[in-house]
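Hi everyone, thanks for coming. Please have a look at the sequence and the model on the screen, and then I'll walk you through a few places in it.

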Amino acid sequence: MNPSRLNPTFRGFASAAARLPLLAVPAVLLLGGAGCNKPTPHAPDVWAVVNGKEIKRDEVEKYYRTRVNPEGQEPSQEEALSLKLNVLDELINNEILLERAKKLNLEASDGEVEDKFTELKSPYTEDEFQRQLKDRGVSVTDLKGDLRRQLSIQKLMNREVVAKISITDQDVNEFYNTNKAQFNVAEPQYRIAQILVTPRKEPQLRNRKNDDATNEAEAQRKVKMLMDRLNSGADFAQLAMDYSEDMNTAGTGGDLGYVPESGLNPPQVDPLLKKTVMGLKPGQVSQPIQLKEGYRILKLITRESPGLRGLADPQVQQTIRDTLRNRKEQLLRAAYLAIARDEVRVTNYLAEQVIEAAGKLPDAAKSTLPPKPPPIQP
């Protein structure tokens, strides 16, 4: 991917509730018990043990549900088991890192947890918030526990990894000279955001308010409300996250990324949409456009003219620094986790079941819990 085209992302409540406890680090080899000692008996629902701390089947199943869309094709038993192994490995990693955070007195405080909880809850009414929890089988206690774990690991990584990363001017220069072609814009590019409102029920709605116009009258009222709020100075991205009915862009504030001018030509898009984009100035919001799929409100975030972007361009500088920082952080996280795993005893009973089954699928391949709605994707 062209680093100059990287888009911002937003994680909403549901993704936080479903994914915060799973730290995004590269997977490492599943480790079984070491040595030749006689194995310690364990309950059937214990799928792993980390320094004596048990990770049970129910916990793995809970996070497994967030990775599977119940409205999509049901995964095969092999696929389901592979995903459960991945989820279990992430939970093992989290337990290892959380233990380190506690030893270094970096565990999140009650106040930090409450602040994050309030931040996640703020976009919703109390009824909406409780419905979100119920739909995903998550209690307030579960959510706060996940937040404490995520915040503690984040504090650990900030001190042990992020604080050690530095990007020099020489690093930036070398990256630019090596990847100069990536900063050459061949044609005008338009970074566009949108709010979509459709006059029909959307089965996979993804906005934070769970707001959906189901007929033409509701759609028109909703569009008028949005335009009134935009004209009063409301933030476009926040409104998109709260109300847009486009499941693919609501989570990112309606951001469609950079679209080349040729990508606005028919038959890819309606001629009216191109005419609207071409008539906007950066930062300007359009009037509602009625197309066959519904109403669109567009914002032109920025426009780039064709040509080579020089190293003096602040956007180029920032893109390169962000890219290099992300690369180094991923590398250091993987190394840090590898060292941390070397210092603990991990027994992965689920992995042992898979090997001992000798090609047959163990009972773990079948989910014992009913499917839940997938989390809202950012």
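This is a predicted model: local features need pLDDT of at least 70, side-chain atom pairs count only at pLDDT 80 or more; totals for chains, interfaces and linings use all residues.

Residues are numbered from 1 along each chain as its sequence is written, and side-chain values use heavy atoms, with hydrogens and water left out.

Let's begin with the largest nonpolar core, which has 20 residues. By nonpolar core I mean a set of buried Ala, Val, Leu, Ile, Met, Phe, Trp, Tyr and Cys residues joined through side-chain atoms within 4.5 Å. Buried is under 20% relative accessible area, exposed is over 50%, and partly exposed lies in between, using a 1.4 Å probe and protein chains only. Among the residues with the most contacts inside this core are Val60, Leu88 and Leu350. Strand E1 (46-50) and helices H2 (57-67), H3 (77-103) and H12 (349-356) each supply at least two of its residues, and H3 gives the most, with 7. These labels are DSSP runs numbered from the N terminus: helices are H or I with at least four residues, strands are E with at least two.

What does Val60 touch, leaving aside neighbours within four places in sequence? Its contacts, meaning heavy atoms within 4.5 Å, are Trp47, Ile55, Lys84, Val87, Leu88 and Leu91. There is also a second, separate core of 15 residues, including Met227 and Leu230.

Now please find helix H10, residues 271-278, where Leu273, Thr276 and Val277 are buried. Why are they on the same side of H10? Because they cover an arc of only 95 degrees around the axis, taken from the directions from the helix axis to the C-beta atoms. Pro271 and Lys275, on the other side of H10, are exposed. Strands E4 (189-197), E6 (289-291) and E7 (294-304) are among what covers the buried residues. At the start of H10, a side-chain oxygen of Asp270 comes within 2.8 Å of the backbone nitrogen of Leu272.

Finally, the backbone. Pro266 and Pro267 are joined by a cis peptide bond, with omega about 5 degrees, and Pro267 sits in the loop between strand E5 (255-260) and H10. Asn105, in the loop between H3 and helix H4 (110-121), is not a glycine, yet has a positive phi of about 55 degrees. Asn105 counts as exposed because its relative accessibility is 69%.

Key:
A polar contact is a pair of N or O atoms within 3.5 Å; within protein, one must be able to donate a hydrogen and the other to accept it, and residues adjacent in sequence count only if both atoms are side-chain atoms.
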